[in-house]
Amino acid sequence: MSKIIIKNAVKRYGDLTIIPDLSVTIPEGSLFTLLGPSGCGKTTLLRMIAGFNTIEGGDFYFGETRINELEPSKRDIGMVFQNYAIFPHLSVGQNVEFGLKQRKLPKDDIKSRTTEYLKLINMEEYRDRKPDKLSGGQQQRVALARALVINPKVLLMDEPLSNLDAKLRVEMRQAIRDIQRKVGITTVYVTHDQEEAMAISDLIAVMNNGVILQIGQPKELYHRPATEFVAVFIGKTNILPGKLVKKDGGTWIKFDFGHEIPMDGFDNIAEQDIRVSIRPEEFVRCENGIKATIVDSLYLGLNTEYIMELGSGVKVQVIEESSFVETLQIGDVVDLEIKRQKINVFDKDGSVNLLGVN
């Protein structure tokens with residue numbers, strides 16, 4: 001396994017620049033996820049690491065080795081694709097041992113390592129079965145074992161679960177996380193699914209327009225997003241406009257719907273227009289708070305999601321733990337308060353989290 005270092009990467013297609021200037025270090029042995037919307041450059045970057053795309057600028061390293069000019073076959077990578085890409089005419093065992101045979105390993109080594117990785121993915125009993133007799137999740141396990149059995153320096157995974165149904169996606173993301181931890185290989189994982197990224201990753205890089213906006217652990221990105229884009233893309237949030245105002249010797253947030261809350265730690269930040277991110281679970285019921293009218297609800301088992309309209313007509317999403325006997329109905333009016341310590345405050349462009357510049 002290797003640390004991956006990327007310095008000032010540039011990718012262009014003709015006059016179109018996909019990645020303008022990207023630098024990142026991916027720690028050795030980590031599961032590092034590139035997360036972002038379609039077209040943000042995450043798969044392009046993965047393919048540059050793999051050697052499938054040309055590099056118009058910058059330097060790519062596996063450890064101390066610069067790999068820019070190396071052919072894909074010389075980069076010592078394992079690759080798992082969205083469409084599995086396993087050989088339909090070969091059995092499960094033959095698929096897994098394919099890379100070992102290409103490397104001309106001794107027969108005994110091929111057999112033992114194939115068996116080892118079939119056990120790792122819980123597919124040993126399917127060794128002689130053809131891919132068309134496997135479920136989608138089983139096929140993806142085979143693809144994963146085939147990529148890992150050659151002991152590559154780096155494992156690259158491009159939207160590997162997007163063709164699976166919801167239940168299988170949950171099962172397979174846990175399997176990938178478990179196997180990656182056991183093997184300890186440096187893994188770069190591409191997805192547009194934020195829940196999937198949060199569930200499996202050591203670190204997540206949120207990308208948009210070929211730029212990494214923030215790198216952090218899942219909890220860090222959720223609770224302290226660097227920009228409004230990250231706040232919206234990671235989980236659910238309400239974005240409410242307002243102003244930072246100075247009064248009574250302190251700093252207050254004045255929302256456009258009229259409510260005001262005091263904020264600690266903003267003494268050195270000037271009055272300005274702001275945008276406030278409030279997660280749905282950070283609105284909680286209270287007495288004598290913000291008046292909110294329930295306009296819709298969605299029961300999701302553990303939680304119930306409400307759409308509530310505040311006094312000014314502003315609508316917010318509120319999440320509460322479900323109760324067996326639901327008492328709230330559409331049209332009911334409740335009082336809400338905001339957990340001040342959990343909110344995030346951005347400048348008027350949403351490009352800077354003011355909590356990070358105090």
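How exposed is Glu-195, in terms of relative accessibility? At 46% relative accessibility, Glu-195 counts as partly exposed; here buried means under 20% relative accessible area, exposed over 50%, and partly exposed in between, with a 1.4 Å probe and protein chains only. The points below set this residue in its context.

1. Basis of the note. This is a predicted model, in which local features need pLDDT of at least 70 and side-chain atom pairs count only at pLDDT 80 or more, while totals for chains, interfaces and linings use all residues. Residues are numbered from 1 along each chain as its sequence is written, and side-chain values use heavy atoms, with hydrogens and water left out.

2. Overall architecture. The protein holds eight helices and 19 strands; helices (H or I, at least four residues) and strands (E, at least two) are DSSP runs, numbered from the N terminus. The C-alpha trace spans about 80 × 50 × 35 Å along its principal axes. Of the 358 residues, 49% count as buried. Among contacts with a separation of 6 or more, 64% come from residues 24 or more positions apart, where contact means heavy atoms within 4.5 Å.

3. Glu-195 and Arg-173 meet in one of them, at 3.4 Å from N to O. This pair links distant parts of the chain, with Glu-195 in helix α6 (residues 194-200) and Arg-173 in helix α5, 22 residues apart. Arg-173 is buried, with a relative accessible area of 16%, whereas Glu-195 is partly exposed. Because Lys-167 and Glu-171 are four residues apart in helix α5, about one helical turn separates them. Lys-167 is exposed at 60% relative accessible area, and Glu-171 is partly exposed at 38%.

4. Gln-174. This residue lies in helix α5 and is partly exposed, with a relative accessible area of 42%. The C-alpha atoms of Gln-174 and Glu-196 are separated by 9.6 Å, the two residues being 22 apart along the chain.

5. A salt-bridge network. Asp-59, Arg-66 and Glu-69 are linked in a network of salt bridges. In the bridge between Arg-66 and Glu-69, the closest N and O atoms are 2.6 Å apart. Arg-66 counts as partly exposed, at 37% relative accessibility, while Glu-69 counts as exposed, at 64%.

6. A buried charge without a salt bridge. Glu-282 is found in the loop between β14 (272-278) and β15 (283-299). Glu-282 is buried yet has no salt bridge, and the nearest side chain of opposite charge, Lys-339, is 4.1 Å away; Lys and Arg count as positive and Asp and Glu as negative, with His and the chain ends not counted. Not counting residues up to four places away in sequence, Glu-282 touches Glu-337, Ile-338, Lys-339 and Lys-342.

7. Strands β11 (residues 238-247) and β12 (residues 250-255) pair in the antiparallel sense over six bridges; two strands pair if DSSP finds at least two bridges between them. Lys-247 stands opposite Gly-250 in β12. Two residues lie between the strands of this hairpin, and Asp-248 in the turn has a positive phi of about 55 degrees. Strand β12 is also joined to β13 (residues 260-263) by four bridges, again antiparallel, and the bridge partner of Thr-251 is Met-263 in β13. The hairpin of β12 and β13 has four residues between the strands, and Gly-258 takes a positive phi near 105 degrees.

8. Pocket and cavity. On a 1 Å grid over the protein atoms alone, a cavity is a set of points where a 1.4 Å probe fits but cannot get out, and a pocket is an open set with protein on both sides within 12 Å along at least five of seven lines; lining residues have an atom within 4 Å of a point. Grid points are joined across faces, edges and corners, and a volume is the space filled by probe spheres set on the points. The largest pocket holds about 460 Å³ of space. Of its 17 lining residues, the closest to the centre are Ile-77, Gly-78, Met-79, Arg-103 and Ile-150. The structure holds one cavity of 30 Å³ or more. Residues lining the largest cavity include Leu-144, Met-157 and Ile-176, and α5 gives the largest share of that lining, three residues.

Conventions
Salt bridge = Lys/Arg side-chain N within 4 Å of Asp/Glu carboxyl O.
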